[in-house]
Amino acid sequence: MGLCRMGFITSYLSTSFIAAFTTTGAIHIISSQIPNALGITIQPVNKPGKLIYVYNEIFKAFPNIHVATLLVSIICLIILVLVKDVINERCKNKMKMPIPIDFILVVVATIISYFAKFHDNFGIAVVGEIPARLPTPQLPRLSVDIIGHSAVVGTIVFVLTISMARLCEVKHGYSVDDNQELVAYGIANLGGSFFSCFPACVAPPRTIVLSTMGAKTTFSGMVSAVFVLLVIIFIGKYVESLPKAVLAAMIIAAIKNLLYQFKDLPMLWRVNRYDFVIFVGTVLSGVFIDFPYALYVGVQLCLLTVVVQSQKSTSYTIGKVEQEDRLLDQKTHYVPLSNPKIAIFRMESSLYFATSDKFIKELYKATFNPKAYRKQPDLNVEIIISQSKNNGNNDIGISLSKTNHENEKPVVPLTHIIIDCSSMNYIDMNGKKALIQINSEYKQVGVVVMLGNCTHFMKTFTEKSDLSEEIDMKNVYSDILDAYFAATH
């Protein structure tokens with residue numbers, strides 16, 4: 001994916017989806033640590049509705065909660081929250097670096113557990129033996145059966161990684177090269193596959209810890225990698241007494257900040273309900289079905305909103321301000337027309353199969369329907385008979401008036417219609433046919449159709465397609481005012 005430059009797919013991941021996806025990941029991570037924090041054992045679950053079954057098992061095991069483990073978890077959580085959210089946060093401007101409470105807690109908890117013999121005296125689960133060796137490298141097992149699963153895992157790894165990267169981008173003000181991330185993860189997993197490693201993926205708890213501690217460069221990753229290597233080879237035997245509850249508390253304390261994104265829901269509802277639906281739909285599918293489904297449903301909702309929004313794109317006419325070279329939306333501004341025989345129309349959408357029919361209908365509604373114009377006469381003759389009281393004679397007057405049947409005919413005939421193409425960054429064959437149709441129909445009633453504010457794509461498309469044979473290229477302009485002044489002469 002990285003070599004094929006497929007990082008562009010992140011363009012289809014909205015901010016609300018990223019927030020929902022990382023929130024769903026946080027819910028799953030915290031849920032996986034609750035048994036360790038409570039000192040209970042539950043059966044592993046790997047089927048749709050995973051979290052429902054997990055919490056059902058947790059509630060069933062409530063009578064078997066290990067009190068000593070629970071106390072360790074509570075004490076560690078209080079210490080972590082107090083130091084991270086109170087001391088480090090409030091005193092960050094006074095300290096050269098945040099207090100590394102996670103590291104301190106691991107060291108202190110391991111020492112206390114070792115000398116107090118937590119596992120032997122209190123039955124508290126500890127990390128246990130860590131093999132002090134690297135696995136022997138060997139060729140990974142290749143099978144056609146795992147291709148589908150590998151694709152799913154790879155996609156989830158990429159989306160979750162980019163989601164966390166986007167959160168850090170906003171917080172720290174830097175940008176991430178999506179294609180570079182794909183190549184990096186590909187290389188990491190390629191190397192790890194010869195050592196039976198788990199697929200490399202972003203670790204949200206560790207990412208949050210590094211973010212709060214102020215890590216700036218990838219050198220922090222080198223330090224972490226060396227430390228993990230030392231743990232595997234030398235230090236592992238010294239942390240065998242570390243209670244699992246301490247690790248669970250550290251993960252929960254680190255990941256809890258991602259749950260704060262639920263606070264954005266009222267704002268999303270007020271500002272953009274499409275984003276609200278994406279957030280809620282992604283979280284619900286990830287929680288009540290399984291984590292991968294948050295990706296499937298969330299991406300589909302993002303794409304669906306694009307289609308729905310294109311169907312609901314606004315359209316309006318624009319008026320030129322008298323004695324000024326300014327154009328204003330007539331929907332929101334009262335603009336006396338400097339030339340009522342010229343209409344400028346804009347629809348804020350690309351012109352393709354999903355919007356072409358609406359484009360024609362909205363244009364007819366904003367101006368007039370040329371088909372109906374040909375069928376109806378311009379003038380209605382009304383004979384008005386009135387009796388004069390003064391001389392008793394009957395005066396016959398003839399009144400000529402123009403009609404406007406449901407906006408199908410303009411009160412004043414138009415000579416030019418200028419289409420503002422500034423929003424048309426994409427046109428397909430349906431859009432081309434729509435432009436040819438309206439040009440032909442208006443031409444038959446003596447109205448010239450002109451194109452203004454044409455984008456580079458629009459001009460190139462017009463020149464390369466047969467649209468240039470239907471529309472005179474002299475009526476295609478890069479600026480809307482140029483088209484307007486050409487229509488007035």
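Author: Let us begin with a single residue in this predicted model. Asp420 has a relative accessible area of 1%, and because buried means under 20%, Asp420 counts as buried.

Reader: With which residue does the side chain of Asp420 meet in a salt bridge?

Author: Side chains of opposite charge can pair when their charged atoms come close. Here the partner of Asp420 is Arg346, with a distance of 2.6 Å from N to O. This pair links distant parts of the chain: Arg346 lies in strand β3 (residues 342-347) and Asp420 in strand β6 (residues 416-420), 74 residues apart.

Reader: How many salt bridges does the structure hold?

Author: The structure holds 5 salt bridges. Another of them joins the side chains of Arg166 and Glu169, at 3.2 Å from N to O.

Reader: Where do Arg166 and Glu169 lie, and how many residues apart are they?

Author: Both belong to helix α6 (residues 147-172). Because they are 3 residues apart in that helix, about one helical turn separates Arg166 from Glu169.

Reader: Are Arg166 and Glu169 buried or exposed?

Author: Both Arg166 and Glu169 are buried.

Reader: Which residue forms a salt bridge with Arg166 at 2.9 Å?

Author: That residue is Asp178, whose closest N and O atoms with Arg166 are 2.9 Å apart. This pair also links distant parts of the chain, since Asp178 is in helix α7 (residues 178-192) and Arg166 in helix α6, 12 residues apart. Asp178 counts as buried, at 12% relative accessibility.

Reader: Which residues do salt bridges with shared partners join into one network?

Author: Arg166, Glu169 and Asp178 are joined in this way.

Terms used: Residues numbered from 1 in each chain as written. Predicted model: local features only at pLDDT ≥ 70, side-chain atom pairs only at ≥ 80, totals over all residues. Heavy atoms only, no water. Salt bridge = Lys/Arg side-chain N within 4 Å of Asp/Glu carboxyl O. Helix = DSSP H or I, 4+ residues; strand = E, 2+ residues; numbered from the N terminus. Buried < 20%, exposed > 50% of the residue type's maximum accessible area, 1.4 Å probe, protein only.
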